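Keep the sequence and the model open while reading.

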Amino acid sequence: MPWADWEAEWQALSEEVYSGLADWRAAHPRATFAEIEGAVEERLAGLRARLLERAALASAATNLQERPPCPTCGGAVQARGKHTRRLTVPGDQVVELERTYAACPQCGTGLFPPG
């Protein structure tokens with residue numbers, strides 16, 4: 001999904017975070033500030049991960065249309081199919097990035113495009 005089309009999904013995720021926090025707060029009316037902070041951080045971590053994932057996947061670098069030269073030898077890299085990379089971001093949330101992987105036929109260096 002292109003970045004411009006993501007507004008509805010972002011709105012839904014934001015509302016889910018807010019309503020989840022409101023429900024948690026109703027269930028914990030005597031929570032301390034530290035407990036409230038923990039609940040907020042837990043919910044924001046998931047939202048942060050989805051935002052990072054979407055922003056990275058919206059990058060033109062994901063499909064290697066413009067293939068960069070090999071960082072090792074400068075040769076032309078060739079696409080080697082799509083691969084998924086899993087990264088752990090703050091809050092122990094996992095972000096999955098699917099990108100076109102490339103390799104240099106001259107030296108064998110692999111390239112997973114940045115986001």
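How many disulfides does the structure hold? It holds zero, counting a disulfide as a pair of cysteine sulfur atoms within 2.5 Å. This is a predicted model: local features need pLDDT of at least 70, side-chain atom pairs count only at pLDDT 80 or more, and totals for chains, interfaces and linings use all residues. Residues are numbered from 1 along each chain as its sequence is written, and side-chain values use heavy atoms, leaving out hydrogens and water.

- C70 is in no disulfide; the nearest cysteine sulfur, that of C107, is 3.6 Å away.
- C70 is buried, at a relative accessible area of 4% (buried is under 20%, exposed over 50%, partly exposed in between, with a 1.4 Å probe and protein chains only).
- For C104, the closest cysteine sulfur is in C73, at 3.5 Å, which is too far for a bond.
- C104 is buried as well, with a relative accessible area of 2%.

**Strands β1 and β2**
- Strands are DSSP runs of E, at least two residues, numbered from the N terminus.
- Two strands pair if DSSP finds at least two bridges between them.
- β1 (residues 78-89) pairs with β2 (residues 93-103) in the antiparallel sense, over ten bridges.
- H83 has R99 in β2 as its bridge partner.
- Three residues lie between the strands of this hairpin, where G91 takes a positive phi near 85 degrees.

**Strands β2 and β3**
- β3 (residues 110-111) runs antiparallel to β2, joined by two bridges.
- L111 in β3 stands opposite A102.
- The hairpin of β2 and β3 has six residues between the strands. In that hairpin, G108 takes a positive phi near 85 degrees.

Technical notes:
Helices (H or I, at least four residues) and strands (E, at least two) are DSSP runs, numbered from the N terminus.
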